[in-house]
Amino acid sequence: MALRKENILIVDDDIDILELLQRHLKSMDYHTFKAISVKEALFILKDTEIDLLITDIQMPEVDGLQLLKYANEHHPDMPKLVVTGYPSVDGVLEVIKSGAMDYLTKPFTKAELKDSLAKAFAHRPKKTPPKPKPENIDNNKYADMVGESDAFHNVTNIVERVKDNKATILIRGESGTGKELVARAIHYSGKYSRAPFIAVNCGAIPENLQEAELFGYKKGAFTGANEDRNGFFQAAEGGTLFLDEIGTASLTVQTKLLRALQEKEITKVGSQKAQKVDIRIIAATNADLIEEIKKNTFREDLYYRLTVVEINVPPLRERKSDIPLLVEKFLRKYGVEYKDRLLRIAPEALQVLERYYWPGNIRELENIIQRAIIMSDGIIGVKDLPDLLKYQIEFPERGFVPLREMEKEYVKRVLAHTQGNKSKAAEILQIDRKTLRDKLS
């Protein structure tokens, strides 16, 4: 197995020095992370395995010595180098006392950097190989759910109550609200976390293959069944089977699923022999299953079997106080991935995000932050957000207004922004020109 490249974190408020160090280090085959402040550096140290820290001393707000103090307390074996533009005898003594292995004076050469790195890594204690993690343990964990709102805590309170038993659970929520995250939180925070977690999107499996994929099949059961094969039920043995978009399951599958819940057994396609299964079923839907029951497309008896415990995941518009925490999470995740450092968001851009209706919920927010990080040169501003978010409308002095009136006012605002360009306005609104004309009439 190939050895992992060593991760080096560079901390400096001077972008030019950051870029210079990154170029030098990448040419030496190191993997780099950048931070322009101690605050950003702390986030990276918290979430990433760093092998060596290079930091400036003179920085605004919190200086590099405070960062070194933190690193000594929490990462005592990690080598530390200091880059300084203000060398002095007192300064050098302070750096050495702070635990740094060496210091470089700006400007420095690539050879000097290489020599300092060699000294630092030479004094690093040998690591004992980490114990392998149990399979599935490092997937999504409870900590991946982020929030502080009452609506969020209503969900996590139920998660805490059900995580250690195998009661059947139905998770309801609009598309993009994080239903699978809730299912994973139930599994990985409970006592069955070492067992498999198998996620299946029923809507992604063609109806004629659903039964075989879920329950398995015997050789010769149908054309193309060239061997015996287990299904998702067998794969989840002892753990959790998460059935997303359960409302799209065929009636045949619903009948077999009901038997699995009642009798704790399944039968492969093409077999007459039932086999016992020991799994927890968590289903999820964004559909109104009661309406599906009325249309005879969903079995009523299965519905009541699935709803031993119900969890309603609120849409993002009902937990807007969680948006800053979610944004911070995505900035950490994608800032390091795309830009090798954490980015910040301007207060006015955050306000725009907090005012938006979020029809696509958390998934839409995550996609928008990804795009903003790619488009931004530094701090994410309103200019880095999609056009659709920039032209929001509020009627604080008029209270509630008819939807058509609000739509018309909104369309006029977008049209004014495009200086009367109807094609551009229609593109922003994601409608055609005829619909645009109708909304203005």
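**Figure 1. Strand β1 pairs with β2.** Strand β1 (residues 7-11) runs parallel to β2, and five bridges join the two. Strands here are DSSP runs of E with at least two residues, helices are runs of H or I with at least four residues, and both are numbered from the N terminus. Two strands count as paired if DSSP finds at least two bridges between them. Asn7 has His31 of β2 opposite. The model is predicted: local features need pLDDT of at least 70, side-chain atom pairs count only at pLDDT 80 or more, and totals for chains, interfaces and linings use all residues. Residues are numbered from 1 along each chain as its sequence is written, and side-chain values use heavy atoms, with hydrogens and water left out.

**Figure 2. The five-stranded open sheet.** The strand order is β2-β1-β3-β4-β5, with parallel pairing. Strands β2 (31-35) and β5 (102-105) form the edges, each pairing on one side only. On average, neighbouring strands of this sheet are turned by 20 degrees against each other, direction ignored. Axes are lines fitted to C-alpha atoms, for helices over the stretch in contact; angles run from 0 to 180 degrees between N-to-C directions.

Figure 3. Contact means heavy atoms within 4.5 Å. Helix α2 (residues 38-47) lies across β1 and β2. The angle of α2 to β2 is about 140 degrees.

**Figure 4. Strand β8 between its partners β7 and β11.** Strand β7 (residues 197-201) is joined to β8 by five bridges, and the two run parallel. Ile198 has Leu241 as its bridge partner in β8. Strand β11 (residues 280-285) also runs parallel to β8, through four bridges. Here Leu243 stands opposite Ala283 of β11.

**Figure 5. Side chains of β8.** Strand β8 (residues 240-244) is mostly covered, with five of its five residues buried. Buried means under 20% relative accessible area, exposed over 50%, and partly exposed in between (1.4 Å probe, protein chains only). In a regular strand, side chains alternate between the two faces of the sheet. Thr240, Phe242 and Asp244 point one way. Leu241 and Leu243 point the other way.

**Figure 6. Helix α8 packs against α10.** Helix α8 (residues 207-215) and helix α10 (residues 251-263) meet at about 25 degrees, with axes 8 Å apart. The pair is therefore roughly parallel. Angles under 35 degrees count as roughly parallel, over 145 as roughly antiparallel, 65 to 115 as roughly perpendicular and the rest as oblique. From α8, Gln210, Glu211, Leu214 and Phe215 make the contact. From α10, the contact residues are Thr252, Val253, Lys256 and Leu257.

**Figure 7. Helix α13 crosses α14.** The axes of helix α13 (residues 323-339) and helix α14 (residues 347-355) are 10 Å apart, at an angle of about 120 degrees. The two helices are therefore oblique to each other. Ile323, Pro324 and Val327 of α13 meet Leu350, Leu353 and Glu354 of α14.

**Figure 8. The whole chain.** The secondary structure comes to 19 helices and twelve strands. Of the 441 residues, 46% are buried.
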